[in-house]
Amino acid sequence: MANDLHDKLTAFLKDLTGALGLSLTITLEDREDHTRVDLSGPGGEVLLRRKGEPLDAIQHVVNTAFRRGPAGERHFVVDCLGYRRGKEAELRQMTDYLIERARTTKEPQEIGPLNPFHRRLVHLHVAQHPDVSSESVGDAFMKTVIISARK
């Protein structure tokens, strides 16, 4: 089942990136709660322009086309040349900094606005520290995460 999905997704992405004039290598990796798609190769930096907007667009198209399947809903994270991995590492580093500030100042610390995937990363990272908590604030797609020291 997963190989069938991988074959369809790989063919879809080859057609999509080919239409953009790119010849990229596509690597898929299933994780517990999502499938990670890594694109690499010459010309991939085109997808990273304007803060990765083209990459975000491809991720949106992939999720719209492949999210719902026979095995239920599945989220896809599309990365190119390690761009998202770098951004996620940067987000974890900033979260660590804000956790430490919340501990020392006892003041709530704010990060964002963040999209749902990045908020989830922050919440999961904060959950590893029992002396701090986090909550999302806002009512739009992009919300702010508040990190507070537990009393």
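Rings of Phe, Tyr and Trp (its six-membered ring) pair if their centres lie within 6.5 Å, with planes under 30 degrees apart counted as stacked, over 60 as edge-to-face and the rest as tilted. The model is predicted, with local features needing pLDDT of at least 70 and side-chain atom pairs counting only at pLDDT 80 or more, whereas totals for chains, interfaces and linings use all residues. Residues are numbered from 1 along each chain as its sequence is written, and side-chain values use heavy atoms, leaving out hydrogens and water.

View A. A search of the whole structure gives two aromatic pairs. Helices (H or I, at least four residues) and strands (E, at least two) are DSSP runs, numbered from the N terminus. Phe12 is partly exposed at 27% relative accessible area, while Phe66 is buried at 13%; buried means under 20%, exposed over 50% and partly exposed in between (1.4 Å probe, protein chains only).

**View B. Aromatic pair Phe66 and Phe76.** Phe66 also pairs edge-to-face with Phe76, at 6.4 Å centre to centre and 70° between the planes. Here helix H2 is linked to strand S5 (residues 75–80), which holds Phe76, and the two residues are 10 apart. Both Phe66 and Phe76 are buried. Ring pairs join Phe12, Phe66 and Phe76 into a cluster.

**View C. Surroundings of Pro54.** Pro54 lies in helix H2 and is partly exposed, with a relative accessible area of 27%. Neighbours within four places in sequence aside, Pro54 contacts Val46, Leu47 and Arg49, contact being heavy atoms within 4.5 Å.
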